[in-house]
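I opened my notebook today to follow a few strands and their partners. Come along while I look them up one by one.

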Amino acid sequence: MPRKKNGYGNFGVSGFNGISKSVNRGKGSKALGRYPSERRFGSTIQRSAIEQFNIDSTWQKWRKGLEYYFQGAYLDFTKTDAVLYQGTEYEIPVTFDGYRFATKNSDSRTHYCIHRTIDQNRQLGFISELEISTAAYPEQYKNREIHAKVIATKTLTSDDMLLRSTGERITDGVTSANIFWILTDEKRPAVYMGKSPSTGSTVTIRVPLDGIKASEFIQKNNSNLLSLVGKAVYMPDFLIERTIGSLDRFTDEAEFMNVEVADLVANTRVVILNNESSLPPTLGDVSDLTPIFETTNTTGRLNGAFTFKKDIYQRFWGQQYLTADLMRQNVDRLSYAIQPWIIQSILVDETNNNLQIDSVPFQSSIRLFSPRASERYIVFSDNSFTKEYPDYDADGNYNHQQGIPGDKEWTKLNTDIDPWQDEIFTSGSALTFADLYTCSCPDYLHAIIRSPEVYNESGGLSNRQERLPMPTAKGANDYDIEGIARAAGIAQTWSTMSYRKSFKLCKHTIASMFINKTRVQEPNTFPAFDAREEFERRLSKDINEVADEFNAQLKRSEITTVEVIYALAEALNLDDVELGYVLLTSRF
C-alpha cells in the first residue's frame, strides 16, 4: 500500500506551474474604500478620502444641472400659495412654483424642485457688527460660525420675528445665509426649542351639539356624527404665545430639561374642515379647504409636555451647568402652535348639548424666548453663504441678450463664498427673508422616501431600505430626528444639524435656478481627473435615457404625493416634529 503523502508534496519541477509569460492586462484596480461583498440591508461601506471628495464635489451637481437646463429636461410645476407662520400676527404670504424632473429612483418617477418666493417681505433688522477674524475668534472659526450683531428695526414685530427665524435663509439683497442660532447681547441662547415626547400632545374641545347636527355636512351623511372622525380641525386663534406662569412646571433630568404646560380653551374659534385634498392642511392654505362647521362657542383643554436636550445649549454657558431652573431664569415667554389636527373620537352629551371632540395624539414643538431686546447676535453657518448680483461683466456689459421690456434680467450666483475671507453683508440694507429652492431628491434632502414597489423601472428587485426606509446606525441622532422618526417606513434621514443649516444644492435646484435666469457660477470644487472622465461618460448615458424616464414619469407622476409634500415642508422651514406630523397625517 503506497504511503500517504503529507505536507507540500514533491519539490520537483512538476510541483510548480511555472512563471506566466503572458502580457495580457490584469484585473483593474479595486475601489480604494472598504465595500462589503454582499450589499445586504444594514451593511456599511467606508469610502476613501478621495472617493468622498469626488462625491461631495459641487462641480458635478453644477455640471448635471447645467446639462438638464440645456436639454430642457423638465416640466413645470403648478403654482401653490401658502403662508409662513400661519395663524400668527407675523404671517408672510409665499408662493411655491417649480419644476418636475424625471427619475428612476421614486415610485412617481418624479423629483420636485420647489421655488419659494416671498410675496410680502418683512424686515428683521440691520447688521451693525461682524465677527469674521479667524485670529480674534478662533472658537467660532472652529465651530464654523459667523457671529453678527443685529439692531432691530423700528417695527414692533421685528424682534419677535427674528426670534422665530432660526433655520431660515435671510438676505440683505446681495449676501444670503442661513441662521443657525439667535443669541442675546451676552451671547446666551435667546431661543430654546423643545419637543413633545412620543406620546404627544392632546386637545379636547366641546362644541354645541345642536349646531353641528344642523350643519349641511352632517345632514348629507344621514345625521351620522361619526362621519366627523378623520376630519381636520383648525384653530386659527390657537397659537399659544404668553408669559410663562407659575403653573408651568420646569423639571430636570440628567440629560434633559422638561417643561409641562396646560392651557384652557375658551371661546376659541374652531373650524372643522373636510380635508379632501391630497395635501395635508399643514402645508397649504387652510382657507382653500371646505369648512364643515365653525363656532367660537368652545371650551376645552390642551395638555403638552416638552423636553430640551441640555448638551445643545451647554456650550453657551461655559463652566456654569445648565439646569431647568437656569433656563427658566433667562426666559419670560413661550410659544407653541397647534397644527391642524385630526379627530380621533367624539362623545355626545345630550344633557348639556355638547359634543366632545378628542384629537389624535400628536407631537408638537415649543419655543422659549428671552426678554425682548433691540440688539441680538445672529449666528450664521459659514457653509451657507452665497452672493447674487446682476449678471454684468467687469466693464458693465450685460452678459446676455436683452429681452423684451419687463422681462426679468439674469443674475449670477456665487456659491463659493468664504465669509472668513470674502466681504459679506456690505449692502447696508435691512435683513429680509430670502427666496429659496428645495428638492425632493435624496441628494438634497439627505433623506430617503419610501418606494413601496417591489420592482424598479428596469425590472430589478428594489432595495428593502428603498421600499420601507427605517433608521440606521449611520443616521442622525435620536433627538434631532425624533419627529420624523415617528414616520419610520415613510422616510428616513441622515441629515445632520450642520447640513440642514448649510446652503443645500442638487442638480435639480441648479437647473431650476438657470431656468429662472439665475446663472450659478461654476464651483471651484473639482473632482479628481479620472473621476471627471468617468462622470462625463455617465452624464452622456444619463442624458440619453432622459426620454425613457419622461415616458415613465408621464405614466406614474400622480401615483403618490409624498415627494412634493416633503419638498414643500422643507420650503416652509418646518422642524422635524412638524415634518413628521405632516408625513403621518398626509394621504399619499
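I began with Phe77 and found that it stands opposite Gly98 in E2. This is a predicted model, so I keep that in mind for each entry.

**Entry one: around E2.** Which way do E1 and E2 pair? I noted that strand E1, residues 75–84, pairs with E2 in the antiparallel sense, over eight bridges. Then I turned to E3, residues 110–118, and found nine bridges joining E2 to this strand, again antiparallel. As a landmark for that pairing, I wrote down Ala102, which stands opposite Thr110 in E3.

How many residues of E2 are buried? I looked up residues 92–102 and found 10 of the 11 buried, so by the cut-off of under 20% relative accessible area this strand is mostly covered. In a regular strand, side chains alternate between the two faces of the sheet.

**Entry two: around E21.** Next I moved along to E21, residues 375–381, where six of the seven residues are buried. Which strands pair with E21? I found seven bridges joining E5, residues 145–151, to E21, and the two run antiparallel. Here Ala148 has Ile378 as its bridge partner in E21.

I also looked up E7, residues 175–183: four bridges join this strand to E21, and they run antiparallel too.

**To keep at hand.** My notes have E2 joined to E1 by eight bridges and to E3 by nine. For E21, I have seven bridges with E5 and four with E7.

Note on methods: Residues numbered from 1 in each chain as written. Predicted model: local features only at pLDDT ≥ 70, side-chain atom pairs only at ≥ 80, totals over all residues. Heavy atoms only, no water. Buried < 20%, exposed > 50% of the residue type's maximum accessible area, 1.4 Å probe, protein only. Pairing = 2+ DSSP bridges.
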